Amino acid sequence: MRGFGYLVKEGFKNVWSNRIMSIASVGVLISCLILTGAAFLLSLNVQAVVDSVGQSNETTVYLKDDVSNLEAVYIGKDIKKVSNIVSAEFYSKEDAFKQYKKELGDELFERIQEDKNPLPDAYIVVMEDLSQYDETVAQIKKIDGIDRVSNRSDIARRLTEISNLINLISFWVVLALMIISLFIIANTIRATMYSRRYEISIMKSVGATNAFVRMPFLVEGMVIGLASAIIATGGIALLYEGVMAAVHQLVPFTAIPLQNVILYVAATFVVAGVLIGFFGSFISIRKYLRKEGNEILGW
Amino acid sequence: MIDFIDVSKTYPNGTHALYDVTLNIEKGEFVFIVGASGAGKSTFLKLIMHEESPTSGEIIINNKKTSKLKRRQIPYLRRHMGIVFQDFRLIDKMNVFDNVAFAMRAVGENASTIKNRVPYVLDLVGLKDKMKDKPSELSGGEQQRVSLARALVNNPEIIIADEPTGNVDPEMSHEIIELLNEINARGTTVLVVTHEHDLVREFGKRVILIDHGRIKSDSGKVKNNNSVYGNSYENDVPQYPDNAVIVPDDVSGDNA
């Protein structure tokens, strides 16, 4: 397009000449992006906690008394074949006996001889997805030689529920904020267009194409979006470091390090900011581009 | 250059603006469009500029049927036209040079062409020494000349002036029409909508009188009777014997 440089320059000039509205838009968009980013980082950290708890959430699968050592090996192989099982480690009755003895004291176990050990052999299994706990346990129970499975489904279910709830809330918060941002930008551009309606009507009367008329306003929207994204990235970095340091003092909790996510957050902010700016402008100018002559001036 | 064939226009609110208008304007003509307020003059211009589409009939501009134009082709049709508005429509934050250059930038002209062309056109309208001035620093007549320069700068084939003398004093009105006459002498077709009866009479051009959406008289037709081209529109229309009928109440008809 001829005159592209001129149009881009006009877009930047628009931002400056409507600086009060531009600052208001940038402010609102920054708030929306920071809240969105905060929801995302919270969700990410909760997911990480759920995952770590999930990993340590070992379920014990007890074998029947009459299972021989060789049979136990085959049962172990069968357990590992069950989908959703990450690992299954053999935990012999002797190991269990030693563990109990260590934890509860020798006195309680001095009358029990090791060859009359009443504890069963077991496998310690870790599941990948705790939401499938019940289905996975049902499959394990089908294997011959399994006596029972320790009941940990409550913890699994609760953790999964919390994680799902946070994801759901985050999704709606993000969606609502994005829509709000879109409207704010659209209104800013509408105000710009109103103040420049003379120019638009003159441009159209001398034969400017719609693409040409539209371009400075799209640039204006994208500049507002980009500026907001850059400032919001800085803002969320400071906020995250501060909040996580404070949380760490209250509970022993290892947050996802900022450097692991900041680039991802920045890229998402830039893409989201520029797209919101672009579409906000696009929506506003459509109305004007359909009008002709004095209609543009509101006469 | 401009052909109207049985053109009628009815607005969505039911207002009948034009009825069965058929006329032809040749390349290089100078035409005054006259008529009372609400007669249909503005609709006539809007149809030429393709700001409105006819309800029925066909408009042909530069041998192209406007009904066949796609939406994206309309800007290119307008590049053949330069528009002069009664209220000038100058952008006050821009100086004279930029107001004129704006029309060139809007069609994507490059900076060096703009730099050469704008002073040339401003010289043509006698405002070369006012390039740096803001519109608010100029008189009404000067502002209208800037508006005319803006209409001319893209070298259009047709100049459409909608009441170009409506906001300027009588002396300046004469100068504006004289300027349009000079532009016409260089080959540009000129359409002027005006209420100013004396100017119309003085310049002796073709006059189309629109009344209640119909062409009541077109002095272009009388040239076949060897009459002076454009001098006879008042005689053709006995119901418009003097200025008082043609000129609406809010515009002074006695500018002589």
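Colleague: In what order do the four strands of the open sheet in chain A lie?

Modeller: Strands of a sheet pair through backbone hydrogen bonds, in a parallel or an antiparallel sense. In chain A the order is β2-β3-β1-β4, with antiparallel pairing; strands (E, at least two residues) and helices (H or I, at least four) are DSSP runs numbered from the N terminus, and two strands pair if DSSP finds at least two bridges between them. Because β2 (85-91) and β4 (146-149) of chain A are edge strands with a single partner each, one side of each has no neighbour in the sheet. Neighbouring strands are turned by 25° against each other on average, direction ignored.

This is a predicted model, in which local features need pLDDT of at least 70 and side-chain atom pairs count only at pLDDT 80 or more, while totals for chains, interfaces and linings use all residues. Residues are numbered from 1 along each chain as its sequence is written, and chains are lettered from A and ligands numbered from 1 in the order in which they are written.

Colleague: Over how many bridges do β2(A) and β3 of chain A pair?

Modeller: β2(A) and β3(A), residues 122-127, are joined antiparallel over six bridges. Within this pairing, F90(A) has Y123(A) of β3(A) as its bridge partner.

Colleague: Which strands does helix α3 of chain A lie across?

Modeller: Helix α3(A), residues 69-81, lies across β1 (59-63), β2, β3 and β4 of chain A, and runs at about 165° to β2(A). Angles run from 0 to 180 degrees between N-to-C directions, with axes fitted to C-alpha atoms, for helices over the stretch in contact; contact requires C-beta atoms, placed from the backbone, within 7 Å.

Terms used:
Contact = placed C-beta atoms within 7 Å.
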